[in-house]
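Subject: Structure handover

Hi,

Here is the structure I promised you. Please open it alongside this email and follow the residue names as you read.

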Amino acid sequence: MSVTWCSIGSPDHGEQEISVPPTNQQIAGHAFLKGMYEDGYYPDHVVDKGREILLRLCERIEAERPSDLAALYALTHAATEKFNELEAEFEAAGSEIETVAREVIAEDFWFVASAYGFADADVEELVATRDW
């Protein structure tokens, strides 16, 4: 499998170089965590890390190609654990993963699942390991 390096950025939030196999156009065109970027309560530099977690999840899905929901949930649970770790950074920046953020993050997890053919995934199960 060939991996292409490309810059992934969001408007006015800088760019970070990550490896993303450019196979899913829905993912490439999606503005992850948009609702959090639009709300000044969430510091962009921490939201950027959340966006990175979601993009890494997409990389893993494309690399591992989960064959069923159980395999997908294993990947999303690992990504959710990364968001759990990010909570401390939100708090240090005077923010937190609260109601609005929980909804935005969970919706993006479901978007990812749907984009990769798992539209029947349960959003609560996708993020079942969350502490937020």
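Is L33 buried or exposed? L33 counts as buried, because its relative accessibility is 0% and the cut-off for buried is under 20%. Please keep in mind that this is a predicted model.

**Overall layout**

The protein has 6 helices and 2 strands. From the N terminus, the order is β-β-α-α-α-α-α-α. Of its 132 residues, 45% count as buried. I also looked at contacts between residues at least 6 apart in sequence. Of these, 66% join residues at least 24 apart.

**Two residues with positive phi**

Back to L33. It sits in the loop between helix 1 (25-28) and helix 2 (34-37). Its phi is near 55°, which is positive, and L33 is not a glycine.

R65 is another non-glycine residue with a positive phi, at about 45°. You will find R65 in the loop between helix 3 and helix 4.

**Helix 4 against helix 5**

Two packed helices are described by the angle between their axes and the distance between the axes. Start with helix 4 and helix 5 (residues 99-115): their axes come within 12 Å and cross at roughly 150°. Helix 4 is therefore roughly antiparallel to helix 5, since angles over 145 degrees count that way. The crossing is right-handed.

Which residues make the contact? On helix 4 they are L72, T76, A79, T80 and F83. On helix 5 they are I105, F109 and A113. By class, the contact of helix 4 with helix 5 has 6 nonpolar residues, 2 polar and no charged.

**Helix 3 against helix 5**

Helix 5 also meets helix 3. Here the axes come within 11 Å and cross at roughly 20°. Helix 3 is therefore roughly parallel to helix 5, as the angle is under 35 degrees. This crossing, too, is right-handed.

Helix 3 contributes L54, L57, C58 and I61 to the contact. Helix 5 contributes D108, F109 and V112. The contact of helix 3 with helix 5 divides into 6 nonpolar residues, no polar and 1 charged. Look at F109 in particular. F109 is part of the contact with helix 4, and F109 is part of the contact with helix 3.

**Aromatic pairs**

How many aromatic pairs does a search of the whole structure find? The search finds 5. One of them is F83 with W132. The rings are 6.1 Å apart, centre to centre, with 65° between the planes. That pair is edge-to-face, because planes over 60 degrees apart count that way.

The F83 and W132 pair links distant parts of the chain. F83 is in helix 4 (residues 69-92). W132 lies in the segment after helix 6 (123-126).

Elsewhere, Y41, Y42 and F90 form one aromatic cluster.

**Two long-range neighbours**

E59 is in helix 3 (residues 44-64). Is this glutamate buried or exposed? E59 counts as buried, because its relative accessibility is 12%, under the 20% cut-off. E59 and T23 are 36 residues apart in sequence. In space, their C-alpha atoms are 10.0 Å apart.

S114 is in helix 5. It counts as partly exposed, because 24% relative accessibility falls between the 20% and 50% cut-offs. S114 and Q26 are 88 residues apart in sequence. Their C-alpha atoms are 9.7 Å apart in space.

**Where to look**

Then go to F83 and its aromatic partner W132. Finish with the two positive phi values, at L33 and R65.

Best wishes

Note on methods
Residues numbered from 1 in each chain as written. Predicted model: local features only at pLDDT ≥ 70, side-chain atom pairs only at ≥ 80, totals over all residues. Heavy atoms only, no water. Phe/Tyr/Trp six-rings, centres within 6.5 Å; stacked < 30°, edge-to-face > 60°. Helix = DSSP H or I, 4+ residues; strand = E, 2+ residues; numbered from the N terminus. Buried < 20%, exposed > 50% of the residue type's maximum accessible area, 1.4 Å probe, protein only. Axes fitted to C-alpha atoms, helices over the stretch in contact; angles between N-to-C directions. Parallel < 35°, antiparallel > 145°, perpendicular 65-115°, else oblique. Left-handed = near helix turned anticlockwise from the far one by under 90°. Contact = heavy atoms within 4.5 Å. Nonpolar A, V, L, I, M, F, W, Y, C, P; charged D, E, K, R; others polar.
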